[in-house]
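Me: Could you walk me through this model, one feature at a time?

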Amino acid sequence: MSAHVLESRDGFRYVASVSMRALNEIEAKALLAESGLPVAPAELARTAGEAARTAERIGFPAALKIVSPDIVHKSDVGGVKLGLTSPQEVVAAFEAVMESARVAAPAARLDGVAVQPMARAGGAEVIVGVSVDAQFGHVIMCGLGGVLVEVLQDVSFRLIPLQRRDARQMLSELRGRRLLEGMRGRPAVDMEALVELFLQVSGLIERRPDIRELDLNPVLAYPDGVLAVDARVLLEEPP
Amino acid sequence: MSRFHAQLDRAFNARVVAVVGDKRHNAFIWLRGLRNFSRQLYSVQIEPKEVAAIEAMGVRNVRSLSEIPEPIDYAVLVVPRAAVPSALRDCARQQVGAVTVFTAGFSETGEVEGIRLEQEILAIARQANLLVIGPNCMGVANPRLGLCNFPGEASGPEAAGPVAFMGQSGTHTITFCMRAPAEGVGISKAVSFGNALTADAADYLDYLRTDDETSVICAYIEGVRDGRRFYDVLRQTTPTKPVILWKGGVSAAGQRAIFSHTAALATPQAVWQGMVRQAGAISVESQDELLDVARTLLAGKSAHGWRAGLVAMTGGPSVVMTDVFTETGLEVPLLADASYAKLAQFFRVVGGGLGNPLDAGSTIAMGFDADNLKRLLEVLHDDPGIDLIALDLGGSMSLDRWNDYPTKVQPVFDLLAAFATRSHKPFAVVLEAPHRPVEVAQRCDELRRDGVLTFASPQRAARALRRAVEYWRFRAGVE
């Protein structure tokens, strides 16, 4: 239960208290996958042995990420290990991730790690997200993603629900759209798959307005499809 | 149709207007503002000295609203804030169509008594189904009827036209009413609605959406009470009428609890811009730009492409014009081969430049060779790769030459007017000489009266054309 301050900078301020729950990565991805969104599957492992067995089953190279209801920014606490190629590396990475999370966030509850196959290389990093604006309600955002998204601020917004035309315009408004359109030998990414993903997110929010915030960051955009490799969801709980 | 349609209709087309208040609270500003009101105006006042002054102004004064022997369509309250509730009850009893509360000192102060009084006003208005415009505003204007909300605003048929203005700010509304007619933009209706207590931006927009006298809607907005409702009305309006939105309060800071990158980046400004684009409306950043875009849309030509054909008199301005148009998101492509073939027959490259822009001063005698100027504009008009045409008239140098050779000016202006009428493509004329504002205004006025679209700088021309093309593309369904 947490108070959530909704604030408009446009002269009509109000404060609303609603109770919120952050889904962990496993829960968030399950919710999105159910709706047909292209997300990289992730499984929870509570011990090093479980992590190694899961990685062997889903295939190497693998990635591990800390799972905790109290840690939102996983890489900030050293909670991410990428490109693991053997069970031994997975075991070592599990211990390392848990230890650095314990040191960086001693009060955090640690559920284990999310094990997922490494996404293939070469995708452009895009962010797709949802939040609730105090004046206009649910809005969707797209932008050039990755960890620098708040520095670059190359994003565009629309209100949900979204039409195909809106989705296309969101992409065309990005200053860095040439990264997606192909340059210097890099092929263009699959714009229609991105448009489709925006429409899927819009549809999901229409069915699930209790989703208050959503980050798919990054979504890897390839010439032949898109894949969300990390997901963050904040739900409004019934009172 | 707006839920306040009937009340707003009575206010905007009022047959009987009453101003309640005294000199100390600025009621005389209202009486002077309504000096040209072509219908019946009453003042409501009991103070003998004030009454004498009011009657000396030629205004009929009564001691109370109930003494007015005919239905009151619109009343303005210019009384101390503590007296507003009882004055409003009077209005309700007399079944006044709509009431503007000019008085300030309510929720905008953030102070307890102001907020309490505003809630009291709201309760009275709701109970009586009374439209209260404001409080803290300048109310409605209809220049055609001389229904003005400030002294010095133009009125009568000269000031009337197809453009409506709605604004949260009284000053911006008054300024628009003074300025727009002077720049050739006639006003259908204008309303300043201040604290937006009973009716909000969406209600005024909804009224203007179905108003037959309005074909372009301009608005100054700081915030809207119900964003979704405003968006819905906006979306219903833009397919038939352009809506130009000037947003104030974009730099105010705020904070919120952050879970996601999205929420961190979802500033009100970013969301507003997305909403405007999604609804097919036009976003501008100043009153200059508001009027520039309105004039561009009213000029009656449209284009769905960004490609501009540019003409300037000399080298430097043609280079800068290209920079400005390109930076604004327009394109300045080379012309078709056939166009250069036609130009080769008369274009002088010595002292000029053939390309796009056409550096054409020597070819058209700095604008005085009307025949060559006409041929040049025709080439751009007939070029299938050009969507927009812009001509820089040469600024200060040309003002001097026009003064020195007055008889040579009219043929050129006649040609520009004829081309503006005949052209299927939007045609913008730039006259930039900021150090000679009076002459520029006079010359632009001459050109505007003949239907030529003029701008005070290439930047303003480029921005207005860009915004207009975005709207024309939206309306035509071009992605």
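**Helices, sheet and contacts**

Me: What is the hand of the crossing of α5(A) and α7(A)?

Reply: The crossing of α5(A) and α7(A) is right-handed. A crossing gets that name if the near helix is turned clockwise from the far one by less than a right angle, and is left-handed if anticlockwise. Helices (H or I, at least four residues) and strands (E, at least two) are DSSP runs, numbered from the N terminus. Before we go on: this is a predicted model, in which local features need pLDDT of at least 70 and side-chain atom pairs count only at pLDDT 80 or more, while totals for chains, interfaces and linings use all residues. Residues are numbered from 1 along each chain as its sequence is written, with chains lettered from A and ligands numbered from 1 in the order in which they are written.

Me: At what angle do α5(A) and α7(A) pack, and how far apart are their axes?

Reply: In general, a helix pair is described by the angle between the axes and the distance between them. Here α5(A) meets α7(A), residues 191-207, at about 120 degrees, with the axes 9 Å apart. That makes α5(A) oblique to α7(A). Axes are lines fitted to C-alpha atoms, for helices over the stretch in contact, and angles run from 0 to 180 degrees between N-to-C directions. Under 35 degrees counts as roughly parallel, over 145 as roughly antiparallel, 65 to 115 as roughly perpendicular and the rest as oblique.

Me: Which residues make the contact of α5(A) and α7(A)?

Reply: From α5(A) come Arg164(A), Ala167(A), Arg168(A), Met170(A) and Leu171(A), and from α7(A) come Met191(A), Leu194(A), Val195(A), Phe198(A) and Leu199(A). Contact means that C-beta atoms, placed from the backbone, lie within 7 Å. By class, these residues are 8 nonpolar, no polar and 2 charged. The classes work like this: Ala, Val, Leu, Ile, Met, Phe, Trp, Tyr, Cys and Pro are nonpolar, Asp, Glu, Lys and Arg are charged, and the others, Gly among them, are polar.

Me: Let's turn to chain B. What is the strand order in the open sheet of chain B?

Reply: As background, strands of a sheet pair through backbone hydrogen bonds, either parallel or antiparallel. This sheet has 5 strands in the order β14-β13-β15-β16-β17, paired in parallel. β14 (358-359) and β17 (453-455) of chain B stand at the edges with a single partner strand each, so one side of each has no neighbour in the sheet. Two strands pair if DSSP finds at least two bridges between them. Between β13 (308-312) and β15 (388-392) of chain B there are 4 bridges, and Ala308(B) has Leu388(B) as its bridge partner in β15(B).

Me: Which strands does α12 of chain B lie across?

Reply: Helix α12 (315-327) of chain B lies across β13, β14 and β15 of chain B, at about 155 degrees to β13(B). Helix α14 (370-382) of chain B also packs on the sheet and touches β13, β14 and β15 of chain B, running at about 155 degrees to β15(B).

Me: How do α12(B) and α18 pack?

Reply: α12(B) and α18 (458-476) of chain B pack at about 30 degrees, with axes 9 Å apart, and are therefore roughly parallel to each other. Their crossing is right-handed. Val320(B), Met321(B), Val324(B) and Phe325(B) of α12(B) face Pro458(B), Gln459(B) and Ala462(B) of α18(B) in the contact. By class this contact has 6 nonpolar, 1 polar and no charged residues.

Me: Into which domains is chain B divided?

Reply: Domain bounds come from an automatic or database domain assignment. For chain B they give domain 1 (5-136), domain 2 (145-298) and domain 3 (308-476). The C-alpha centres of domains 1 and 2 of chain B are 25 Å apart, and 25 residues of domain 1 are in contact with 19 residues of domain 2. On the domain 1 side, α5(B) gives the most, with 4 residues.

Me: How many residues does each chain give to the contact between chains A and B?

Reply: Chain A gives 38 residues and chain B gives 28. The chain A side has 15 nonpolar, 11 polar and 12 charged residues.

Me: Where are the cis peptide bonds, such as the one at Pro161(A)?

Reply: Most residues other than glycine have a negative phi, and most peptide bonds are trans. Ile160(A) and Pro161(A) are joined by a cis bond with omega about 10 degrees, and Pro161(A) sits in the loop between β8 and α5 of chain A. The bond from Asn356(B) to Pro357(B) is also cis, with omega near 10 degrees. As for phi, Asn136(B) has a positive value of about 70 degrees although it is not a glycine.

Key:
Contact = placed C-beta atoms within 7 Å.
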